[in-house]
Amino acid sequence: TFEDVVAALNQVTPHNWAAFLRSRLESLDARAPIAGVEHSGWKLAFADEPTEYWKAREQSDKNLDVSHSIGLFLGAEGLVNDVLPASPADKSGLIPGMRLIAVNGRKWSPEGLHQAIKDSKGSPAPLEFITENGSFVKVFKVDYHGGERYPRLTRIEGTPDRLTESVAVKSR
């Protein structure tokens, strides 16, 4: 039960675990609770270039994650696996199960999608997707102008680096 979990956690480290867990389990906040990361001396930031790990994961998984820019997770051959709620892709009407067949007038490819998102930065024009859904073909305009965005942790200057300390202790 919830009470058993709280009791077990309190045996490890006394804390108001009930309030802590409820705030996370019952929250309707759109943002993830990242205060713990920030207290460890790091913050979530975004860059316009993927990390080497991100690139390798995309290649090995054969998936495309552009969730932090337009809100899409794509599988092989442009299949829309997921759409983040309230993202530009969601607001345009894209849904899981569709398949992208063209982006900005060019046949869909992972490289082409990346380039179109990159080119969106500062452009007033929306991204234009042509999709296939069963026997239907439809055009969607994705109102996004921010370029590529990839998450990464960056250090908060002048704060202790508790995250690295924690990882170092566990790897001994």
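**First stop: two loops**

Select Glu77. It sits in the loop between strand S3 (72-74) and strand S4 (80-83). Helices (H or I, at least four residues) and strands (E, at least two) are DSSP runs, numbered from the N terminus. The model is predicted: local features need pLDDT of at least 70, side-chain atom pairs count only at pLDDT 80 or more, and totals for chains, interfaces and linings use all residues. Residues are numbered from 1 along each chain as its sequence is written, and side-chain values use heavy atoms, with hydrogens and water left out.

Check the backbone of Glu77. Its phi is near 60°, a positive value in a residue other than glycine. Is Glu77 buried or exposed? Glu77 counts as exposed, at 58% relative accessibility. Buried means under 20% relative accessible area, exposed over 50%, and partly exposed in between (1.4 Å probe, protein chains only).

Now select Ala86. This residue lies in the loop between S4 and helix H5 (88-92). Ala86 is not a glycine, yet its phi is positive, about 70°. Ala86 is exposed too, with 54% relative accessibility.

**Second stop: the whole chain**

Zoom out. The protein chain holds seven helices and nine strands. Its C-alpha trace spans about 60 × 40 × 30 Å along the principal axes.

Colour by burial. Buried residues make up 27% of the 172 residues.

Show the aromatic side chains. How many aromatic pairs are there? The count comes to two. Rings of Phe, Tyr and Trp (its six-membered ring) pair if their centres lie within 6.5 Å; planes under 30 degrees apart count as stacked, over 60 as edge-to-face and the rest as tilted.

Select Trp17 and Phe20. Their ring centres are 5.5 Å apart and their planes stand at 90°, so this pair is edge-to-face. Both residues belong to helix H2 (residues 17-25), three residues apart, so about one helical turn separates them. Trp17 is buried at 18% relative accessibility. Phe20 is partly exposed at 30%.

Next, select Trp54 and Tyr150. Here the ring centres are 5.5 Å apart and the planes are at 80°, so this pair is edge-to-face. It links distant parts of the chain: Trp54 is in helix H4 (residues 52-61) and Tyr150 in strand S9 (residues 150-155), 96 residues apart. Trp54 is buried at 8% relative accessibility. Tyr150 is buried with a relative accessible area of 3%.

Select Lys121, in the loop between helix H6 (110-119) and strand S7 (127-133). It is exposed, with a relative accessible area of 54%. Which residues does Lys121 touch, leaving aside its neighbours within four places in sequence? It is in contact (heavy atoms within 4.5 Å) with Asp48, His145, Gly146 and Gly147. Draw a C-alpha to C-alpha line from Lys121 to Gly147: the two are 4.3 Å apart in space and 26 residues apart in sequence.

**Last stop: Ser166**

Select Ser166 in helix H7 (residues 162-170). Ser166 is partly exposed, with a relative accessible area of 32%. The C-alpha atoms of Ser166 and Asn133 are separated by 48 Å, and the two residues are 33 apart along the chain.
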